[in-house]
Structures are given as C-alpha cells and as structure tokens.
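Keep the structure open while reading.

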Amino acid sequence: MDIANSKKQELRKRFRAERSLRDLTESWTHIIKSEEFQSAKTIASYISYGDEPATKELNEEILRNHKKLVLPRMLKDKNLEWVVWNGDQSKLTKAGKILEPIGEAIESDEIEIVIVPTPAVPSE
C-alpha cells in the first residue's frame, strides 16, 4: 500500500471515530425547504447505515414531495450508477454493509441534487 492510501485510510478511521461521537439522530429534512430542493425533480440520496447521518426520514420526505429519488449502486469497477427507488424495501438488496436498489439505471445527467455521506466537513 502506498503512503497516500495509508494516510487516506488513517484519516477515514479518525473521522469515523469522531463522527460516531456526534448525535446523528438529527433530522436533515430542513433541506427540503431550500429553493434548490423545491425546484429539483430528481434527487440522489443513499440508505444510511452504521454511524452515517440517518437518511430514512429525508428519503421519505423526498418521495412525499413527489420527487424522483435515486440511490447509488456500485459497479464492479467501483463506479456508481443511479437507480430510481420508490421506497419499497423489497426493491433493495444487500451488498456488503449497504443496501442497493434493484432496477434499471438512469442517466446521471438527470440528477439535480446529490446527498452524500461524508466523514468530515471542515469548519471555519
């Protein structure tokens, strides 16, 4: 393993440890009030797990607001494709630790907003 990958893994481990100390039960649904959300037709999100910020309530709000919700599915080459999901749990399959959607992929240029889990956000 090269030095850059080693440092990257070290940072991820540290950031995940720090994230696990935070209250992740906070709702993220306040973003639906934004102008960007209101005008978007297709929103990419994810199904959270572990110590990631919870997305269940946010994903439900996306669907309640009649937006097209797409979730990522990892390809063999580690790239992502995006699949429309209507909230039906039976349309998810387990891939390692994560749940991925079942169905046909859409063109990524349809996506107007992407909600992404991140281990850390720099503060001012």
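Asn-79 sits in the loop between β2 and β3. Helices (H or I, at least four residues) and strands (E, at least two) are DSSP runs, numbered from the N terminus. At 44% relative accessibility, Asn-79 counts as partly exposed. The cut-offs are under 20% relative accessible area for buried, over 50% for exposed, and partly exposed in between, with a 1.4 Å probe and protein chains only. Setting aside residues up to four places away in sequence, Asn-79 touches Arg-73 and Met-74. A contact here means heavy atoms within 4.5 Å.

The model is predicted: local features need pLDDT of at least 70, side-chain atom pairs count only at pLDDT 80 or more, and totals for chains, interfaces and linings use all residues. Residues are numbered from 1 along each chain as its sequence is written, and side-chain values use heavy atoms, with hydrogens and water left out.

Lys-78 is found in the loop between β2 and β3 (80-84). Lys-78 is not a glycine, yet its phi is positive, about 75 degrees. Its relative accessibility is 62%, so Lys-78 counts as exposed.

His-66 lies in the loop between α3 and β2. Its phi is also positive, at about 60 degrees, although His-66 is not a glycine. With 75% relative accessibility, His-66 counts as exposed.

## The chain as a whole

The chain holds 3 helices and 7 strands. From the N terminus on, the order is α-α-β-α-β-β-β-β-β-β. Of its 124 residues, 29% count as buried. Take the contacts in the chain with a separation of 6 or more: residues 24 or more positions apart account for 60% of them. The accessible surface comes to about 9000 Å², and 52% of it belongs to carbon and sulfur atoms. These areas come from the Shrake-Rupley method with a 1.4 Å probe; for residues, only the protein chains shown count as cover.

## Nonpolar cores

In soluble globular proteins, nonpolar side chains tend to be buried together. A nonpolar core is a set of buried Ala, Val, Leu, Ile, Met, Phe, Trp, Tyr and Cys residues joined through side-chain atoms within 4.5 Å.

Which members of the largest nonpolar core touch the most other members? Of its 14 residues, they are Phe-37, Ile-43, Ile-62, Leu-71, Trp-85, Ile-113 and Ile-115. Helix α3 (56-64) and strand β2 (68-74) each supply at least two residues of this core. A second, separate core has 5 residues, including Ala-44, Val-70, Trp-82 and Ile-111.

Leaving out residues up to four places away in sequence, Ile-113 touches Glu-36, Phe-37, Ala-40, Thr-42, Ile-43 and Ala-44.

## Salt bridges

Side chains of opposite charge can pair when their charged atoms come close. A salt bridge is a side-chain nitrogen of Lys or Arg within 4 Å of a carboxyl oxygen of Asp or Glu. A search of the whole structure finds 4 salt bridges. Among them are these:

| Pair | N to O distance |
|---|---|
| Lys-56 and Glu-60 | 2.7 Å |
| Arg-64 and Glu-61 | 2.7 Å |
| Lys-68 and Glu-110 | 3.0 Å |

Lys-68 lies in strand β2 and Glu-110 in the loop between β6 (105-106) and β7 (113-114), so this pair ties together parts that are 42 residues apart in sequence. Lys-68 is partly exposed, at 32% relative accessible area. Glu-110 is partly exposed too, at 31% relative accessibility.

Lys-56 and Glu-60 both lie in helix α3, 4 residues apart, about one turn of the helix. Lys-56 is exposed, with a relative accessible area of 59%. Glu-60 counts as partly exposed, at 31% relative accessibility. Arg-64 and Glu-61 are 3 residues apart in helix α3, so about one helical turn separates them. Glu-61 is buried, with a relative accessible area of 17%.

Glu-100 lies in strand β5 (residues 98-101).

The side chain of Glu-100 does reach the backbone nitrogen of Met-74, at 2.9 Å. Its contacts, leaving aside neighbours within four places in sequence, are with Pro-72, Arg-73, Met-74, Lys-91, Leu-92, Thr-93 and Ala-95.

Technical notes. Polar contact = N/O pair within 3.5 Å; in protein donor to acceptor, adjacent residues only side chain to side chain.
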